[in-house]
Amino acid sequence: MNTGTISMRYARALLAYAKEQNVEDAIYGNMLQLLHTLVTIRELPVLLRAPALSKRERVKLICSAVESSPVFENFARLVVKKEREPLLPFIAHCYISIYRSCKNIKAVELTTAVTAGEELKEKITAFMSQNGTVNVELFCKEDPSIIGGFICETESKRLDASILGSLNRIRKQLIKENRKLV
(Lines give C-alpha, C1' and ligand atoms only; values in the text may rest on other atoms or scores of the structure.)
Protein backbone atom coordinates (compact mmCIF):
# COMPACT_ATOMS: atom_id res chain seq x y z
CA MET A 1 0.00 0.00 0.00
CA ASN A 2 1.39 3.39 -1.00
CA THR A 3 0.55 5.47 2.07
CA GLY A 4 1.64 8.80 0.60
CA THR A 5 -0.30 8.55 -2.64
CA ILE A 6 -3.50 7.37 -1.00
CA SER A 7 -3.29 9.98 1.77
CA MET A 8 -2.67 12.75 -0.75
CA ARG A 9 -5.69 11.68 -2.82
CA TYR A 10 -7.96 11.73 0.21
CA ALA A 11 -6.58 15.10 1.32
CA ARG A 12 -7.03 16.67 -2.13
CA ALA A 13 -10.55 15.30 -2.44
CA LEU A 14 -11.44 16.58 1.03
CA LEU A 15 -10.05 20.03 0.24
CA ALA A 16 -12.00 20.17 -3.04
CA TYR A 17 -15.20 19.09 -1.25
CA ALA A 18 -14.58 21.56 1.58
CA LYS A 19 -14.05 24.39 -0.93
CA GLU A 20 -17.36 23.50 -2.62
CA GLN A 21 -19.07 23.75 0.76
CA ASN A 22 -17.07 26.90 1.71
CA VAL A 23 -15.70 25.29 4.88
CA GLU A 24 -12.04 24.65 4.02
CA ASP A 25 -10.90 26.85 6.93
CA ALA A 26 -13.03 24.91 9.41
CA ILE A 27 -11.79 21.59 8.03
CA TYR A 28 -8.21 22.88 8.38
CA GLY A 29 -8.93 23.48 12.06
CA ASN A 30 -10.46 20.01 12.30
CA MET A 31 -7.37 18.44 10.76
CA LEU A 32 -5.07 20.30 13.15
CA GLN A 33 -7.21 19.06 16.06
CA LEU A 34 -7.34 15.52 14.68
CA LEU A 35 -3.59 15.36 14.23
CA HIS A 36 -3.00 16.73 17.72
CA THR A 37 -5.44 14.20 19.19
CA LEU A 38 -3.90 11.27 17.31
CA VAL A 39 -0.43 12.26 18.52
CA THR A 40 -1.34 12.95 22.14
CA ILE A 41 -3.72 10.01 22.66
CA ARG A 42 -1.55 7.13 21.48
CA GLU A 43 -4.32 4.58 22.12
CA LEU A 44 -6.70 6.18 19.62
CA PRO A 45 -5.14 4.75 16.43
CA VAL A 46 -5.06 1.31 18.05
CA LEU A 47 -8.68 1.66 19.17
CA LEU A 48 -9.75 2.65 15.64
CA ARG A 49 -8.43 -0.69 14.39
CA ALA A 50 -10.22 -2.72 17.07
CA PRO A 51 -12.52 -5.27 15.41
CA ALA A 52 -15.01 -4.99 18.29
CA LEU A 53 -15.98 -1.46 17.20
CA SER A 54 -18.69 -1.08 14.59
CA LYS A 55 -18.23 1.31 11.69
CA ARG A 56 -20.72 3.72 13.23
CA GLU A 57 -18.76 3.73 16.51
CA ARG A 58 -15.52 4.39 14.62
CA VAL A 59 -17.06 7.37 12.86
CA LYS A 60 -18.34 8.70 16.21
CA LEU A 61 -14.88 8.21 17.73
CA ILE A 62 -13.15 10.10 14.90
CA CYS A 63 -15.72 12.91 15.05
CA SER A 64 -15.42 13.17 18.83
CA ALA A 65 -11.71 13.96 18.42
CA VAL A 66 -12.59 17.31 16.81
CA GLU A 67 -15.30 19.95 16.73
CA SER A 68 -17.09 18.09 13.99
CA SER A 69 -19.08 19.50 11.10
CA PRO A 70 -21.26 17.72 8.51
CA VAL A 71 -18.42 17.85 5.96
CA PHE A 72 -15.98 16.32 8.44
CA GLU A 73 -18.53 13.65 9.38
CA ASN A 74 -18.93 12.73 5.71
CA PHE A 75 -15.16 12.48 5.44
CA ALA A 76 -14.99 10.27 8.54
CA ARG A 77 -17.72 7.99 7.12
CA LEU A 78 -15.78 7.62 3.87
CA VAL A 79 -12.52 6.83 5.68
CA VAL A 80 -14.22 4.18 7.81
CA LYS A 81 -16.16 2.73 4.87
CA LYS A 82 -12.93 2.31 2.88
CA GLU A 83 -11.08 1.08 6.01
CA ARG A 84 -8.45 3.83 5.83
CA GLU A 85 -8.41 4.67 9.55
CA PRO A 86 -4.67 3.89 9.87
CA LEU A 87 -4.03 6.61 7.27
CA LEU A 88 -5.77 9.38 9.24
CA PRO A 89 -2.53 10.99 10.51
CA PHE A 90 -1.07 10.97 7.00
CA ILE A 91 -4.27 12.35 5.47
CA ALA A 92 -4.33 15.12 8.08
CA HIS A 93 -0.68 16.00 7.37
CA CYS A 94 -1.36 16.10 3.63
CA TYR A 95 -4.48 18.26 4.04
CA ILE A 96 -2.63 20.69 6.28
CA SER A 97 0.24 20.89 3.81
CA ILE A 98 -2.00 21.42 0.78
CA TYR A 99 -4.13 24.00 2.61
CA ARG A 100 -1.08 25.97 3.70
CA SER A 101 0.29 25.89 0.18
CA CYS A 102 -3.01 27.14 -1.28
CA LYS A 103 -3.35 29.92 1.29
CA ASN A 104 0.37 30.86 1.20
CA ILE A 105 0.81 30.11 4.91
CA LYS A 106 4.15 29.43 6.56
CA ALA A 107 3.96 27.50 9.82
CA VAL A 108 6.52 28.71 12.37
CA GLU A 109 7.21 27.09 15.72
CA LEU A 110 8.70 29.36 18.37
CA THR A 111 10.24 27.71 21.43
CA THR A 112 11.14 29.89 24.40
CA ALA A 113 12.29 29.18 27.96
CA VAL A 114 9.42 31.27 29.35
CA THR A 115 6.15 32.46 27.86
CA ALA A 116 6.87 34.50 24.73
CA GLY A 117 5.86 38.15 24.90
CA GLU A 118 3.71 39.81 22.28
CA GLU A 119 6.63 41.95 21.09
CA LEU A 120 8.76 38.88 20.33
CA LYS A 121 5.84 37.17 18.58
CA GLU A 122 5.26 40.24 16.41
CA LYS A 123 8.96 40.52 15.50
CA ILE A 124 9.19 36.82 14.58
CA THR A 125 5.98 37.05 12.53
CA ALA A 126 7.21 40.17 10.71
CA PHE A 127 10.62 38.61 10.05
CA MET A 128 9.20 35.34 8.75
CA SER A 129 6.47 36.94 6.62
CA GLN A 130 9.05 38.05 4.03
CA ASN A 131 7.80 41.64 3.80
CA GLY A 132 4.14 40.62 3.98
CA THR A 133 4.23 38.23 1.03
CA VAL A 134 3.63 35.16 3.24
CA ASN A 135 1.04 34.61 5.94
CA VAL A 136 2.64 33.32 9.13
CA GLU A 137 0.96 30.89 11.49
CA LEU A 138 2.92 31.06 14.73
CA PHE A 139 2.87 28.17 17.22
CA CYS A 140 4.50 28.94 20.56
CA LYS A 141 5.74 26.46 23.13
CA GLU A 142 7.80 26.63 26.26
CA ASP A 143 10.88 24.55 27.04
CA PRO A 144 12.77 25.62 30.17
CA SER A 145 15.71 23.39 29.20
CA ILE A 146 16.87 25.93 26.59
CA ILE A 147 17.67 28.25 29.54
CA GLY A 148 17.00 31.48 27.62
CA GLY A 149 16.63 32.94 24.16
CA PHE A 150 14.50 31.19 21.56
CA ILE A 151 14.44 28.58 18.81
CA CYS A 152 12.49 29.42 15.68
CA GLU A 153 11.67 26.58 13.26
CA THR A 154 9.89 26.49 9.93
CA GLU A 155 9.59 23.75 7.30
CA SER A 156 13.22 23.77 6.26
CA LYS A 157 15.00 26.25 8.52
CA ARG A 158 15.97 26.42 12.16
CA LEU A 159 17.25 29.51 13.94
CA ASP A 160 18.69 28.56 17.33
CA ALA A 161 19.25 31.68 19.40
CA SER A 162 19.00 29.84 22.71
CA ILE A 163 21.54 29.78 25.51
CA LEU A 164 21.57 25.97 25.44
CA GLY A 165 22.32 26.07 21.71
CA SER A 166 25.17 28.52 22.26
CA LEU A 167 26.62 26.37 25.04
CA ASN A 168 26.45 23.29 22.82
CA ARG A 169 28.20 25.10 19.97
CA ILE A 170 30.96 26.27 22.35
CA ARG A 171 31.32 22.73 23.73
CA LYS A 172 31.68 21.27 20.22
CA GLN A 173 34.24 23.91 19.31
CA LEU A 174 36.30 23.19 22.45
CA ILE A 175 36.22 19.46 21.77
CA LYS A 176 37.30 20.07 18.18
CA GLU A 177 40.18 22.32 19.30
CA ASN A 178 41.32 19.83 21.95
CA ARG A 179 41.45 17.01 19.38
CA LYS A 180 43.94 19.07 17.37
CA LEU A 181 46.22 19.37 20.41
CA VAL A 182 46.42 15.63 21.07
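I take helices as DSSP runs (H or I) of at least four residues, numbered from the N terminus. The model I examined is predicted.

**Entry: a pair within α7.** I looked up helix α7, which covers residues 118-128. Side chains of opposite charge can pair when their charged atoms come close. I found K123 and E119 joined by a salt bridge, at 3.3 Å from N to O. Why are K123 and E119 separated by about one helical turn? I note that they lie 4 residues apart in α7, which accounts for that separation. With a cut-off of 4 Å from nitrogen to carboxyl oxygen, I recorded a count of 10 salt bridges.

**Entry: α1 against α5.** I then turned to helix α1 (residues 3-21) and helix α5 (residues 70-81), whose axes are 11 Å apart at an angle of about 155°. Angles over 145 degrees count as roughly antiparallel, and α1 and α5 are therefore roughly antiparallel to each other. I noted the crossing of α1 past α5 as right-handed. On the α1 side I listed Y10, L14, Y17 and Q21; these meet V71, N74, F75, L78 and V79 of α5.

**Entry: α1 against α2.** Helix α2 spans residues 24-40, and I recorded an angle of about 140° to α1 with the axes 8 Å apart. The two helices, α1 and α2, are therefore oblique to each other. I found that E24, I27 and M31 of α2 meet L14, L15, A18 and K19 of α1.

**Entry: α2 against α6.** How do α2 and α6 stand to each other? I recorded that the axes of α2 and helix α6 (residues 88-103) come within 9 Å and cross at roughly 140°; α2 and α6 are therefore oblique. I noted a left-handed crossing here. From α2, the residues I listed include Y28, L32, L35 and L38, and their partners in α6 include I91, Y95, I96 and Y99. I also found E24, I27 and M31 among the α2 residues of this contact.

**Entry: a surface patch.** Which residues make the nonpolar surface patch of about 530 Å²? I listed I147, I163, L164, L167, I170 and L174. I placed I147 in the loop between β2 (135-142) and β3 (149-153).

How values were computed. Residues numbered from 1 in each chain as written. Predicted model: local features only at pLDDT ≥ 70, side-chain atom pairs only at ≥ 80, totals over all residues. Heavy atoms only, no water. Patch = residues over 30% accessible without salt bridge, like charges linked within 9 Å, V, L, I, M, F, W, Y side chains within 5 Å. Areas by Shrake-Rupley, 256 points an atom, 1.4 Å probe, with all protein chains shown as cover. Salt bridge = Lys/Arg side-chain N within 4 Å of Asp/Glu carboxyl O. Axes fitted to C-alpha atoms, helices over the stretch in contact; angles between N-to-C directions. Parallel < 35°, antiparallel > 145°, perpendicular 65-115°, else oblique. Left-handed = near helix turned anticlockwise from the far one by under 90°. Contact = heavy atoms within 4.5 Å.
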